Amino acid sequence: MSRLTESPAWKALAAHHASIQGCHLRELFATDPQRFERFSLEAAGLFIDYSKNRITADTLALLIQLARDAELPRWTERLLGGDMVNHTEQRAALHTALRAEQSVYFGGRDVLPDVKRVLEHMRRFSDAVRSGNLRGITGKPFTDVVNIGIGGSDLGPAMVTEALRPYGSPELKVHFVSNVDGSHLTDTLSALNPETTLFIVASKTFTTQETLANARSAREWLLNGLRTGSAVSRHFVAVSTNAEEVQRFGIAPNNMFEFWDWVGGRYSLWSAIGLPICIAVGFENFAELLAGARAMDEHFAQAPLEKNGPVILGLLAVWYANFFGTRSHAVLPYDQHLARFPAYLQQLEMESLGKSVDRQGRPVDYQTGVVIWGEPGTNGQHAFFQLLHQGTPLVTADFLVGARAHHPLAAHQRMLVANCLAQTEALMRGRTEDEARAELEARGLKGEALERLLPYQVFPGNRPSTTIVYESLTPRALGALIALYEHKVFVESVILNINAFDQWGVELGKQLAKSLLPELEAPPGGTLSHDASTNGLINYIRARSS
Ligand SMILES: O=P(O)(O)OC[C@H]1O[C@H](O)[C@H](O)[C@@H](O)[C@@H]1O
């Protein structure tokens with residue numbers, strides 16, 4: 001048994017769970033008229049209603065005790081203070097310094113001047129691209145920007161650029177190419193003109209196979225189109241921590257935007273990795289995004305645990321995965337502009353919490369990260385909500401919705417909000433047999449016909465959800481929303497005693513892909529070094545690939 005599962009707070013939670021397991025959310029609402037006020041909070045301009053969760057005041061008190069036992073406040077100070085919280089890579093995780101206004105020290109050195117210097121570089125560059133002052137080699141202003149990157153060097157900026165589309169300009173389109181599948185690059189470039197296209201090669205390490213392959217092919221496309229070697233220096237910039245590799249690729253140091261080892265890939269959209277965001281929506285809006293995240297950082301650092309958004313969301317995640325046995329969590333933005341938010345959160349949460357060894361190197365005896373998935377509402381309602389309402393697994397869900405939209409179709413926004421709230425209510429209340437019977441009777445059914453249909457019309461309800469409301473999806477609200485989830489993940493990692501900032505699990509597949517590539521390229525007939533299945537597949541594909 002681990003210290004966590006042996007702890008009095010954990011055991012008390014297990015006993016408490018047994019005592020409230022049979023309790024329905026309907027009853028909890030019926031017996032406590034203050035439930036909504038008690039279990040909702042405001043955090044950096046976001047409103048979080050977590051009253052439709054299977055908790056009581058006792059649950060919360062026990063979960064808070066768990067957080068105190070794990071010394072969450074001390075860990076938060078360590079995180080924000082630049083301590084080496086990523087112990088397996090000997091690194092800090094200082095993404096909060098990227099949006100800070102006050103000095104942050106790392107290794108005895110204030111990192112703020114470096115952060116501000118790069119932000120200034122981003123401001124100057126993005127202003128010049130947007131105004132048309134910076135032009136391609138033939139003198140034409142840029143009309144298209146292609147960000148080439150993958151994982152954290154793609155998902156964050158791609159998600160934010162889409163989320164802030166109303167702040168973009170139609171004259172300048174920003175595209176994202178991540179997949180090594182050549183169709184991603186080919187399809188993107190097919191409509192573009194090399195004279196007016198700017199490439200950003202974004203890679204923290206600048207050694208990622210997919211990104212370098214795409215960058216090389218993009219360079220070839222540019223050179224074929226413009227027929228002058230010097231075009232690369234006018235049409236390519238890089239964002240990386242690895243100046244040497246950037247130069248080796250042929251991008252000059254003055255075309256490189258720097259960031260640092262203490263920024264994790266999946267936490268990097270606030271750094272120069274955010275350059276495509278600056279170009280798409282302007283530096284002022286990027287600064288607003290940072291300000292929203294900073295407000296959430298302050299909330300996280302200062303709000304009491306009981307009223308702390310990231311703490312509450314993190315504790316709920318631990319509660320469900322460990323005591324209710326949930327294995328997946330749906331993120332359901334009722335906001336088309338947040339279509340990529342679930343994909344972004346998949347990396348943030350699943351790379352951070354997909355661990356089964358604790359900080360001391362021992363296997364864990366509890367659940368860590370769950371599967372994160374989701375699609376925008378209302379589309380999801382017509383696809384997978386059936387399982388949420390009547391399926392066998394218990395799936396928890398976050399519903400995200402804005403009070404106001406950017407578009408002028410106010411009636412649509414009301415319909416969207418009505419659907420969002422109706423779903424959370426339906427999940428919570430369900431429909432009892434009596435209610436279902438009454439409804440069928442009202443539809444004119446009776447006797448055997450009614451009885452036959454009845455079991456299918458019953459909804460168990462008691463399915464938990466949290467609703468997060470923002471006034472409208474401004475850069476500031478979005479910054480706060482992203483930082484809310486960043487800190488939620490950190491809270492979980494502290495309770496679960498795992499490192500949220502490494503990702504060794506990604507390595508094995510990468511290594512094997514490198515060793516497999518020459519075998520795929522070799523002529524058929526040579527010996528293969530893998531298991532029978534992999535060898536068989538290589539042979540099958542090799543025989544059909546040319
Ligand atoms: O930015 P790069 O160094 O190219 O890395 C891109 C991605 O590579 C790996 O797959 C890591 O697991 C991710 O965390 C990272 O975001």
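User: How many helices and strands does the chain have?
Analyst: The chain has 23 helices and 13 strands, where helices (H or I, at least four residues) and strands (E, at least two) are DSSP runs numbered from the N terminus. This is a predicted model, in which local features need pLDDT of at least 70 and side-chain atom pairs count only at pLDDT 80 or more, while totals for chains, interfaces and linings use all residues. Residues are numbered from 1 along each chain as its sequence is written.

User: What domains does the assignment give?
Analyst: The domain assignment, whose bounds come from an automatic or database source, gives domain 1 (44-80 + 303-500), domain 2 (98-284) and domain 3 (510-544). The C-alpha centres of domain 2 and domain 3 lie 35 Å apart.

User: And what about the radius of gyration of the chain?
Analyst: The radius of gyration, taken over C-alpha atoms, is 26 Å, which agrees with the value near 24 Å that a compact globule of 546 residues would have; the globule rule is 2.2 Å times the number of residues to the power 0.38. Along the principal axes, the C-alpha atoms fill a box of roughly 80 × 60 × 60 Å.

User: Switching to packing, at what angle do helix 15 and helix 21 cross?
Analyst: The axes of helix 15 (residues 309-324) and helix 21 (residues 475-496) cross at roughly 50° and come within 8 Å. Axes here are lines fitted to C-alpha atoms, for helices over the stretch in contact, and angles run from 0 to 180 degrees between N-to-C directions. Helix 15 and helix 21 are therefore oblique to each other, given that angles under 35 degrees count as roughly parallel, over 145 as roughly antiparallel, 65 to 115 as roughly perpendicular and the rest as oblique.

User: Is that crossing left-handed or right-handed, and which residues make the contact?
Analyst: The crossing of helix 15 and helix 21 is right-handed; a crossing is left-handed if the near helix is turned anticlockwise from the far one by less than a right angle, and right-handed if clockwise. The contact residues (C-beta atoms, placed from the backbone, within 7 Å) include Pro310, Val311 and Leu315 of helix 15 and Leu484, Val491 and Ile495 of helix 21. By class, the contact of helix 15 with helix 21 has ten nonpolar, three polar and two charged residues, with Ala, Val, Leu, Ile, Met, Phe, Trp, Tyr, Cys and Pro counted as nonpolar, Asp, Glu, Lys and Arg as charged, and the others, Gly among them, as polar.

User: How does helix 16 pack with helix 21?
Analyst: Helix 16 and helix 21 pack at about 15° with their axes 10 Å apart, which makes helix 16 roughly parallel to helix 21. Leu345, Leu348, Glu349, Ser352 and Leu353 in helix 16 meet Tyr485, Glu486, Val489, Glu492 and Ser493 in helix 21, and this contact divides into five nonpolar, two polar and three charged residues.

User: What is the crossing angle of helix 8 and helix 16?
Analyst: The axes of helix 8 (residues 155-163) and helix 16 (residues 341-353) cross at roughly 155° and come within 9 Å, which makes helix 8 roughly antiparallel to helix 16. Helix 8 passes helix 16 in a left-handed crossing.

User: Which peptide bond is cis, with omega near 10°?
Analyst: The bond from glycine 377 to threonine 378 is cis, with omega near 10°, and threonine 378 is found in the loop between strand 11 (371-373) and helix 17 (385-390). Glutamine 90 has a positive phi, near 55°.

How values were computed:
Two residues are in contact if their C-beta atoms, placed from the backbone, lie within 7 Å.
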